[in-house]
Amino acid sequence: MSNEQIAIFAGGCFWCTEPVFSQLKGVIKVESGYIGGHTENPTYKTICNGDTGHAEGIRITFDADLISFETLLEVFLVSHDPTTPNRQGNDIGTQYRSAVFCQNDAQMELTVNMINTFNQAGIYDAPIVTEVNGASTFYPAEDYHQYYFAKNPGNPYCMAVAAPKAAKIRAKYAALIK
């Protein structure tokens with residue numbers, strides 16, 4: 001029996017964050033969706049203008065005996081730019097903010113500590129602005145968004161943004177790749 005746990009990250013477009021994590025050993029499932037907003041049952045269309053307060057996020061189901069939350073968190077912080085508020089590359093708006101939605105106190109403590117460690121070490125040229133939040137309702141995105149990169153590798157956006165992010169993690173964390 002696996003030691004299944006949940007991690008929820010928002011780091012820009014979920015088309016780009018999902019392939020980063022679905023390639024890792026110990027990751028059972030990655031689901032794209034919406035989190036952190038103030039409306040119920042958001043859709044892609046309703047979150048696109050930023051009025052609902054939701055971020056595009058991913059809910060990762062992982063086997064903690066094979067990969068730790070701490071490792072997933074490190075990959076998250078390295079795989080996107082956690083120093084830009086409400087933006088990842090050309091994607092601009094609150095729906096593209098960097099955030100961690102902690103499922104328990106241990107995740108909260110690990111997240112705060114790792115962000116502080118990264119900032120103190122000067123990993124980035126600017127301070128990390130990733131939001132650290134408690135758990136909130138995660139709304140799965142529409143079916144066509146699930147594993148979008150795997151289904152649409154030739155999509156120009158995927159080729160320009162998602163593929164390089166996934167490749168960066170494969171190169172930096174080769175031992176973690178399935």
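Me: How many helices and strands are there in the protein?
Reply: The protein has six helices and eight strands. Please note that this is a predicted model.

Me: And in what order do the elements run from the N terminus on?
Reply: The order is β-α-β-α-β-α-β-β-β-α-β-β-α-α.

Me: What about overall dimensions, along the principal axes?
Reply: The C-alpha trace spans about 35 × 35 × 30 Å along those axes.

Me: How much of the protein counts as buried?
Reply: Of its 178 residues, 47% count as buried.

Me: Which share of the contacts joins residues at least 24 apart?
Reply: Among contacts between residues at least 6 apart in sequence, the share that joins residues at least 24 apart is 77%.

Me: Let us turn to α3. Is that helix mostly covered or mostly uncovered?
Reply: Helix α3 is mostly covered, with eight of its eleven residues buried. The buried residues are F69, L72, L73, V75, F76, L77, V78 and S79.

Me: How do α3 and α4 pack, in terms of angle and axes?
Reply: Helix α3, residues 69-79, packs with helix α4, residues 105-121, at an angle of about 45°. Their axes are 10 Å apart.

Me: Left-handed or right-handed crossing?
Reply: The crossing of α3 and α4 is right-handed.

Me: Which residues meet there?
Reply: From α3 the residues are F69, E70, L73, E74, L77 and V78. They meet Q107, L110, T111, M114, I115 and F118 in α4.

Me: And by class, how many are nonpolar, polar and charged?
Reply: The contact of α3 with α4 has eight nonpolar, two polar and two charged residues.

Me: Is Q23 buried or exposed, and why?
Reply: Q23 is buried, because its relative accessible area is 11% and buried means under 20%.

Me: What does Q23 touch?
Reply: Not counting residues up to four places away in sequence, Q23 touches A166, I169, R170, L176, I177 and K178.

Conventions:
Residues are numbered from 1 along each chain as its sequence is written. This is a predicted model: local features need pLDDT of at least 70, side-chain atom pairs count only at pLDDT 80 or more; totals for chains, interfaces and linings use all residues. Side-chain values use heavy atoms; hydrogens and water are left out. Axes are lines fitted to C-alpha atoms, for helices over the stretch in contact, and angles run from 0 to 180 degrees between N-to-C directions. Helices (H or I, at least four residues) and strands (E, at least two) are DSSP runs, numbered from the N terminus. A crossing is left-handed if the near helix is turned anticlockwise from the far one by less than a right angle, and right-handed if clockwise. Contact means heavy atoms within 4.5 Å. Ala, Val, Leu, Ile, Met, Phe, Trp, Tyr, Cys and Pro count as nonpolar, Asp, Glu, Lys and Arg as charged, and the others, Gly among them, as polar. Buried means under 20% relative accessible area, exposed over 50%, partly exposed in between (1.4 Å probe, protein chains only).
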